[in-house]
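Student: I have a new model open on my screen. Please show me how to read it, feature by feature.

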Amino acid sequence: MAIPLPGTPIIVDIGSAYTKIGFAGEPSPRYVFPTITGTEKYKAVMVDVSGRNIYIGLDASKMRGVLKIKRPIERGAITDWNDYYEIFNYIFYSLLRIENLSNYPVLYTEPPFLQRETKEYIARVLYETHKVKSLIMVPTPVLALFGVGLTTGLVIEGGDGITWIVPIINGQIVDQSVQKLTLAGMDVNQHLKNLLMREGINIESSAVDEIIKEIKEKNCYFVLNPENPPKLNESFSFAMPDGSSIEIPNYIFHEAPEVLFQPSLLGFNILNIPQAVINCLQGIDKYYWSDLLSHIMIAGGNLSYSGFEERLRLELGQIIPQLGKIPKPKNVQPSKTQKMELKGKTRKKKDNCPNCGVLVDLSDGKEFCPSCGGRVVLPELSIGSLPIKKKTAILDGKTICTKCKKAIEDSASVFCPYCGENFESTDIPEIPRDIIKQAAPAREFSGFYNSSDDVTRFFVPENLQFAIFNGASILGSLPSFQRLFVTREQFQNNSDLLYKDISEIF
Ligand SMILES: Nc1ncnc2c1ncn2[C@@H]1O[C@H](COP(=O)(O)OP(=O)(O)OP(=O)(O)O)[C@@H](O)[C@H]1O
Ligand SMILES: [Mg+2]
């Protein structure tokens, strides 16, 4: 496949289980490979060979019998930097093979709360070692949400290592309410493995992890009532790579992913996904609840099981009453102009530590996690509203772009279709803090939902595993977004530029 024109952003999504690589504007990643490296178990006997032989992705997977396999990213965190560099080399020089990387910007998908040092280090590797033209790093939930055309919503992103519950308002993550669950695809693998062993099924193969993953991805599903699951055939025959077959009792297929709703099955004392959604909302102004609940977006490979959405809807419906009354918005267009400011402290009774995921009792005023020492209590947000000036003019009844002076047919457009000018990025005046604190709720409300109303509405992309890539692909092809990429010189002068608020283009 031909390399797109210089200037087209390369999208790099390196996940704990799979790396997805491609270009902005394309419908799916060009390359998807397992994020693993393999080095020879035994020292090479060949005389002239020096240095380390390392295999990446599918190459490592194919030769796993003779290799020592490593996963350089665990639960979203880089644990082996040398192998991580090798993955970059593999992406740029074995897969993409772009002659002059200095013509290509990179859109790097980052997990929420990526540490500043790590972020800047990755940036330096891309600028200095790979000499990319420019770079932008965007949190994965923002990309996933944008991929379904939304900038406000509650993203539930479940990959291999972490499940994130992330409220996003006007393209900005509401940091203090984000829930990080160390409960994801790898935990379902573990539970599946345990269940198979309990049935006396011991898979003896160097590719045992691959086989478990394959059984899971092809067969696991959710039932609505795990206490009383539908009756199916007793067992299912699974064909092994060596031609033999194993008989797997059918109940295992719905019991394995149950850990997402019952973490205690693996002995984890953490919230399950629906509880974490409620916890997340409790940290946000209630006037945003209906907006978030009616825009629940699901992303990440580990939420692809059939029946997940239905089960989540059911369980959420059962515990949403814990929130109390949910304000009902009047039928008005949502304002695009809400801004957020910090105030006060949250007063939750319990919360998951955003650092290590342990459930912490906060009723005694604790602010730090007893397990890892990380801060559990974060400031609360209040939301006000302020006007945004449009960068368009009206001439003879037509909307004109003030930059290129061309007439725009769609007066509601956020961008100029001719020159890419962002009509809504004009400087927003700073509003004094005291005014924001007193600001009335940003939207109009009329009463509350009845307890019987279904407030939830789900947005589920066609391919959950590529949802982040797809959002990045759309965003990366917008001219107004491309202007936010940071060059090496700009980064060297001011590293804060990498923390640019991309919500300004929404
Ligand atoms: N059809 C499927 N059914 C169930 N699980 C699936 C399916 N497809 C992929 N998965 C699982 O999803 C996980 C990979 O998803 P994804 O690629 O979104 O994660 P990642 O980006 O590698 O990890 P993370 O974002 O947590 O670092 C793996 O656990 C994989 O087994
Ligand atoms: Mg991921």
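Student: What pLDDT does the protein chain average?

Tutor: Begin with confidence, since this is a predicted model. The protein chain averages a pLDDT of 85, and 81% of the residues score at least 70.

Student: Where does pLDDT stay under 50, over residues 332-347? How many contacts beyond four places in sequence does the model have there?

Tutor: Over residues 332-347, pLDDT stays under 50, and the model has 45 contacts beyond four places in sequence for that stretch. Residues 425-441 also stay under 50. For them the model has 20 such contacts.

Student: How many bridges join β10 and β28?

Tutor: Two bridges, in the antiparallel sense; β10 covers residues 134-139.

Student: Which strands are the edges in the open sheet of three strands?

Tutor: The order is β5-β4-β6, with antiparallel pairing. The edges are β5 (54-56) and β6 (67-70). From one strand to the next, the twist averages 25 degrees. Strand β4 (residues 37-40) pairs with β5 over three bridges, and Thr39 stands opposite Ile54 in β5. Helix α2 (residues 81-96) lies across β4, β5 and β6, at about 65 degrees to β5.

Student: How do I read two packed helices?

Tutor: Two packed helices are described by the angle between their axes and the distance between the axes. Take α4 (residues 140-147) and α12 (residues 467-476): the angle is about 75 degrees and the axes are 7 Å apart. Therefore α4 is roughly perpendicular to α12. Residues in the contact include Leu143 and Phe146 of α4, with Ile468 and Ile474 of α12. By class, this contact has nine nonpolar, four polar and no charged residues.

Student: What angle do α5 and α6 make?

Tutor: Helix α5 (residues 185-198) and α6 pack at about 100 degrees, with their axes 10 Å apart. That angle makes α5 roughly perpendicular to α6. Val188, Asn189, Leu192 and Lys193 in α5 meet Ile212, Lys213, Ile215 and Lys216 in α6. The contact divides into four nonpolar, one polar and three charged residues.

Student: Which residues come nearest to ligand 1?

Tutor: Of the 21 residues around ligand 1, Gly15, Ser16, Gly159, Gly185 and Gly301 come nearest. Next, ask which element contributes. Helix α6 (residues 208-219) gives the largest share of the shell, three residues. By class, the shell has six nonpolar, 11 polar and four charged residues.

Student: Last, the hairpin of β15 and β16. Which residue takes a positive phi there?

Tutor: Gly243 does, with phi near 95 degrees; five residues lie between the strands. Strands β15 (residues 235-239) and β16 (residues 245-249) pair in the antiparallel sense over five bridges. Ser237 has Glu247 in β16 as its bridge partner.

Terms used
Residues are numbered from 1 along each chain as its sequence is written. Chains are lettered from A and ligands numbered from 1 in the order in which they are written. This is a predicted model: local features need pLDDT of at least 70, side-chain atom pairs count only at pLDDT 80 or more; totals for chains, interfaces and linings use all residues. A residue is near a molecule or strand if its C-beta atom, placed from the backbone, lies within 6 Å of it. Helices (H or I, at least four residues) and strands (E, at least two) are DSSP runs, numbered from the N terminus. Ala, Val, Leu, Ile, Met, Phe, Trp, Tyr, Cys and Pro count as nonpolar, Asp, Glu, Lys and Arg as charged, and the others, Gly among them, as polar. Two strands pair if DSSP finds at least two bridges between them. Axes are lines fitted to C-alpha atoms, for helices over the stretch in contact, and angles run from 0 to 180 degrees between N-to-C directions. Angles under 35 degrees count as roughly parallel, over 145 as roughly antiparallel, 65 to 115 as roughly perpendicular and the rest as oblique. Two residues are in contact if their C-beta atoms, placed from the backbone, lie within 7 Å. pLDDT is the predictor's confidence in each residue, from 0 to 100.
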